[in-house]
Amino acid sequence: MIKINSLSKMYKNADRFAVKNLSLIVNDGEVFGFIGANGAGKSTTIKCITGILPYNDGSIEIAGYDMAKDSISAKKNIGYVSDNHSVYDKLTGREYVNFLANIYGVSKQDRDQRLNDLSIRFDLQDKLDSPIKSYSHGMKQKICVIGALIHEPKVWILDEPLTGLDPKSAKELKGLMREHCEKGNVVFFSSHVLEVVEKLCDRIAIIKDGEIIASFTMEELEQKQQGKSLEDIFLELTDTKYTSENKQVKSNDINGGEVKNEVNTQDNSSEDIDKNTSKIDTIADNSDTNISAESVDEGV
């Protein structure tokens, strides 16, 4: 589970918050889509969730571990695929994955099996012993995905994961995301490909100017927005210049007139999160993992 309560983040010398008073609960077994325009606060939120960026206020829990109080335990439960392919490109693909497996304490038997299975799915088995610097953009994305899954994390976070992937690999990735969720894990990802978000996700939240302005399940979208796609809803909520042949989204069309920052409708135990529910009527590392790996050998 991911539990975020009143998260706020302001960058140094900035005049406004990049993320403001954001609260979410993402349940185990959910694929959760996090969408917004460029600069809305998606990547900042994700970097706070993963412990890459410090935050000014609020709390973040990953699989029950508080990121501020026990960042090592929280990060052990995260698999992260960034939007910029941050890899050690002088290593081979196999060395890179083994390096990550060492950090997370994955046994040689488990890592070898997982690496073999995932490399076959992504057609990367013949390139594992080549330097990553020789990889194409899409191949680097694939090795990042494999590295993020090598320890079978409870929370898999992806920032624009489909960028650069060929159609077959994109299909495999979407399949992996659903499979990971069906094992009782969390998949949390951002994407500008709204058709994929609409088809793949169980829940979706829309962020604008650092604040969540709408959250809903796909069932709610289908029931309350008859005939409208996620793209239509997204543009009507985020782009004041957008016009549609249909009438614009009304305040009470989604979440009963409220945009719930709390995304878990079954857990009402946190009064603090409930207080962060906002109206939509006016819508128009620093901490390191400190886990050392002594080698990039194939064994631990």
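This is a predicted model: local features need pLDDT of at least 70, side-chain atom pairs count only at pLDDT 80 or more; totals for chains, interfaces and linings use all residues.
Reader: How far does helix 4 reach from its first C-alpha to its last?

Author: The expected span of a helix is 1.5 Å times one less than its number of residues. Helix 4 has 14 residues, for which 20 Å is expected at 1.5 Å a residue, and the reach from first to last C-alpha is close to that, at 20 Å.

Reader: Within what arc do the buried residues of helix 4 fall, seen down its axis?

Author: Buried means under 20% relative accessible area, exposed over 50%, and partly exposed in between (1.4 Å probe, protein chains only). By that rule Arg111, Arg114, Leu115, Leu118 and Ser119 are buried in helix 4. The arc is taken over the directions from the helix axis to the C-beta atoms. These buried residues line one face of helix 4, because they fall within an arc of 120°.

Reader: Which helices are included in what covers the buried residues of helix 4?

Author: Contact here means heavy atoms within 4.5 Å. The cover over the buried residues of helix 4 includes helix 3 (93-104), helix 5 and helix 6.

Reader: How many salt bridges does the model hold?

Author: A salt bridge is a side-chain nitrogen of Lys or Arg within 4 Å of a carboxyl oxygen of Asp or Glu. Under this rule the count of salt bridges is 11.

Reader: Which residue forms a salt bridge with Asp112?

Author: Asp112 is partly exposed at 31% relative accessibility, and Lys108 is likewise partly exposed, at 38%. The two are four residues apart in helix 4, which means that about one helical turn separates them. With closest N and O atoms 2.8 Å apart, the partner of Asp112 is Lys108.

Reader: Which residue is linked with Asp110 and Arg114 in a network of salt bridges?

Author: Asp110 and Arg114 both lie in helix 4, four residues apart or about one turn, and their side chains meet in a salt bridge at 3.9 Å, N to O. Asp110 is partly exposed, with a relative accessible area of 34%. The network that links Asp110 and Arg114 also includes Glu152.

Reader: Is Lys142 buried or exposed?

Author: Lys142 forms a salt bridge with Asp166, the closest N and O atoms being 3.5 Å apart. The pair links distant parts of the chain, 24 residues apart: Asp166 in the loop between strand 7 (155-159) and helix 6 (167-182), and Lys142 in helix 5 (residues 137-149). Asp166 is partly exposed at 33%. With a relative accessible area of 8%, Lys142 is buried.

Reader: How many of the 13 residues of helix 5 are buried?

Author: The buried residues of helix 5 pack against strand 6 (78-81), helix 3, helix 4, strand 7 and helix 6. Among them are Gly138, Met139, Ile143 and Leu149. Helix 5 is largely enclosed by the rest of the structure, because its buried residues number 11 of the 13.

Reader: How far apart in space are Glu160 and Phe189, C-alpha to C-alpha?

Author: Glu160 lies in the loop between strand 7 and helix 6 and is buried, with a relative accessible area of 15%. Not counting residues up to four places away in sequence, Glu160 touches Lys42, Asp83, Gln141, Ser190, Ser191 and His192. Although 29 residues separate Glu160 and Phe189 in sequence, their C-alpha distance is 7.1 Å.

Conventions:
Residues are numbered from 1 along each chain as its sequence is written. Side-chain values use heavy atoms; hydrogens and water are left out.
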